Amino acid sequence: MKLFELENSYQARPVVYVDMDGVLADMWGEVARHHGVKNWRRARKTHKRIEQVAKNPGFFRKLPPLPNAAKLIRSVRKAVGEYSILSSPLQSRVDQSSEEKTDWLQHHLRKNAPTAIIYDHNKEKYARQSDGTPNILIDDYETNIELWRARGGIGILYKDSEIDSALVELQRALAGQTEPRAVDNAVLPSIGPSQGYFTSREVLNYVKGIHKEYHLEEPILKHKTWQLLQRSE
């Protein structure tokens, strides 16, 4: 059954974006196995260790699908009719990782191919459409979900073993039962006083805006995401 009640408020229907690593492909499990740890989060803490493994030719192409990857895609297509892939490429091997991810999709999702494939580190750019319609992101990385929601989109934090909960959230979102956060485009770039998540580029632009002579970009750009906290006196 297709549910598009969100169209009552917006001209367009929401686009459902699906992440790859940790949602469809078992990247983190592969990294954990390579480093001999049971919990992939321990391997994930060290960025250089992940890069060391993932940059090897063929890494992304050979990743095994997660147990519920096929069920997720089938369910999304049944509910929406189509979906798009939104995945971050490996920063040190953008072209290589993007090509291998595309090969993976063509191999594992031939019968349920996505409408579009986007590789971008800044996923939050796609949170809303030009008319304000909120899009939906299914992603396993909490920071991506927070940034997405902060930009007015509807984010579904995904875990393969809890797929049924994610599908319920998707149905609620499509039925208009999940309200996207209100976003003021005039406030976001200037980083207002409310608590929220911001990209490193937004933070750098803000700092440069109030400190005209600021030139130390690396310490800010080193971290992809920044969180602004409202502290009590």
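Colleague: How many bridges join strand S2 to strand S3, and do they run parallel or antiparallel?
Modeller: Four bridges join S2 (residues 84-87) to S3 (residues 116-119), and the two run parallel. Two strands pair if DSSP finds at least two bridges between them. Leu86 stands opposite Ile118 in S3. This is a predicted model, where local features need pLDDT of at least 70 and side-chain atom pairs count only at pLDDT 80 or more, while totals for chains, interfaces and linings use all residues. Residues are numbered from 1 along each chain as its sequence is written, and side-chain values use heavy atoms, with hydrogens and water left out.

Colleague: What counts as a helix or a strand?
Modeller: Both are DSSP runs numbered from the N terminus: helices are H or I with at least four residues, strands are E with at least two.

Colleague: In what order do the strands form the sheet?
Modeller: The order is S3-S2-S1-S4-S5, an open sheet of five strands with parallel pairing. S3 and S5 (154-157) are at the edges with a single partner strand each, so one side of each has no neighbour in the sheet. From one strand to the next, the twist averages 25 degrees.

Colleague: Which strand pairs with S5?
Modeller: S4 (residues 136-139) does, in the parallel sense, over four bridges. Leu137 has Gly155 in S5 as its bridge partner. The chain goes from S4 through H6 to S5 in a right-handed β-α-β crossover, meaning that with the strands pointing away from the viewer, the path from the first strand over the helix to the second runs clockwise. Asp139 is opposite Leu157 in S5.

Colleague: And which helix makes a β-α-β unit with S2 and S3?
Modeller: Helix H5 (residues 94-108), and that unit is right-handed.

Colleague: Helices now. At what angle do H4 and H7 pack?
Modeller: About 15 degrees, with the axes of H4 (residues 69-80) and H7 (residues 163-174) 11 Å apart. That makes H4 roughly parallel to H7; the term covers angles under 35 degrees. Axes are lines fitted to C-alpha atoms, for helices over the stretch in contact, and angles run from 0 to 180 degrees between N-to-C directions.

Colleague: Which residues meet there?
Modeller: From H4, they include Leu72, Val76 and Val80, and from H7, Leu167, Leu170 and Leu174 are among them. Contact means heavy atoms within 4.5 Å. By class, the contact has eight nonpolar, two polar and two charged residues.

Colleague: Which strands does H7 lie across?
Modeller: S1, S4 and S5, and H7 runs at about 170 degrees to S5.

Conventions. Angles under 35 degrees count as roughly parallel, over 145 as roughly antiparallel, 65 to 115 as roughly perpendicular and the rest as oblique. Ala, Val, Leu, Ile, Met, Phe, Trp, Tyr, Cys and Pro count as nonpolar, Asp, Glu, Lys and Arg as charged, and the others, Gly among them, as polar.
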